[in-house]
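Visitor: I'm new to this one. Can you walk me through what is shown here?

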Amino acid sequence: KIEEQLAMKNGSNPEDYSAFKKSQASAQQAISVLNDRIEQKDVAIKKYQEMLRDLRSETKLAREKHERELNKLSKEHSFKEQEWLSKYQHLSTELQSLQDVGAMPKPHRRA
């Protein structure tokens with residue numbers, strides 16, 4: 001009411017002043033709603049960033065685990081390969097020895 005009386009003293013129309021105040025209140029309410037939405041979006045962005053960080057961390061851990069498993073399998077494969085190669089060479093040498101002493105016939109090669 002005091003602001004209304006001051007507006008009248010300054011030559012403003014009280015109805016214009018009342019409309020201005022309603023408009024101002026409406027604008028403040030709209031600003032408040034927008035600020036709330038901004039805050040909600042900020043919270044959502046932070047949650048998304050946390051989820052992304054967690055996902056990256058899980059992905060990194062899974063990759064490291066799979067790399068360790070792959071290395072282990074690769075080493076096991078190399079070991080088995082060497083083991084079989086050694087057995088093959090031993091058997092091949094044994095077969096050659098038996099063939100050399102005549103205990104085992106040499107295979108006939110076809111022409």
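Guide: One term to start with: a residue is buried under 20% relative accessible area, exposed over 50%, and partly exposed in between. Note also that this is a predicted model.

Visitor: What does the side chain of Glu83 meet?

Guide: The side chain of Lys80, in a salt bridge with 3.8 Å from N to O. Lys80 is also partly exposed, because its relative accessible area is 46%.

Visitor: Where do Glu83 and Lys80 sit relative to each other?

Guide: Both are in helix 2, three residues apart, which means about one helical turn separates them.

Visitor: How many salt bridges does the structure hold?

Guide: One. The pair is Glu83 and Lys80.

Visitor: Back up a bit. How many helices and strands does the chain have?

Guide: Two helices and zero strands. Helix 2 covers 14–100.

Visitor: And how much of the chain is buried?

Guide: Of the 111 residues in the chain, 3% are buried.

Visitor: Which residues make the nonpolar surface patch?

Guide: Leu95, Leu98, Val101 and Met104 make a patch of about 340 Å².

Visitor: Take Val101. Where does Val101 lie?

Guide: In the segment after helix 2.

Visitor: Buried or exposed, that Val101?

Guide: Exposed, because its relative accessibility is 66% and the cut-off for exposed is over 50%.

Visitor: Switching to rings. How many aromatic pairs are there?

Guide: The structure holds zero aromatic pairs. Trp84 does have a charge over its ring, though: the charged end of Lys87 sits there, 4.8 Å from the ring centre.

Visitor: One more residue. Where is His90 found?

Guide: His90 is in helix 2. With a relative accessible area of 49%, His90 is partly exposed, because the exposed class needs over 50%.

Visitor: Which side chain does His90 join by a polar contact?

Guide: The side chain of Glu94, at 2.8 Å.

Key. Residues numbered from 1 in each chain as written. Predicted model: local features only at pLDDT ≥ 70, side-chain atom pairs only at ≥ 80, totals over all residues. Heavy atoms only, no water. Patch = residues over 30% accessible without salt bridge, like charges linked within 9 Å, V, L, I, M, F, W, Y side chains within 5 Å. Areas by Shrake-Rupley, 256 points an atom, 1.4 Å probe, with all protein chains shown as cover. Salt bridge = Lys/Arg side-chain N within 4 Å of Asp/Glu carboxyl O. Helix = DSSP H or I, 4+ residues; strand = E, 2+ residues; numbered from the N terminus. Buried < 20%, exposed > 50% of the residue type's maximum accessible area, 1.4 Å probe, protein only. Polar contact = N/O pair within 3.5 Å; in protein donor to acceptor, adjacent residues only side chain to side chain. Phe/Tyr/Trp six-rings, centres within 6.5 Å; stacked < 30°, edge-to-face > 60°. Lys NZ or Arg CZ within 6 Å of the ring centre and 35° of its normal.
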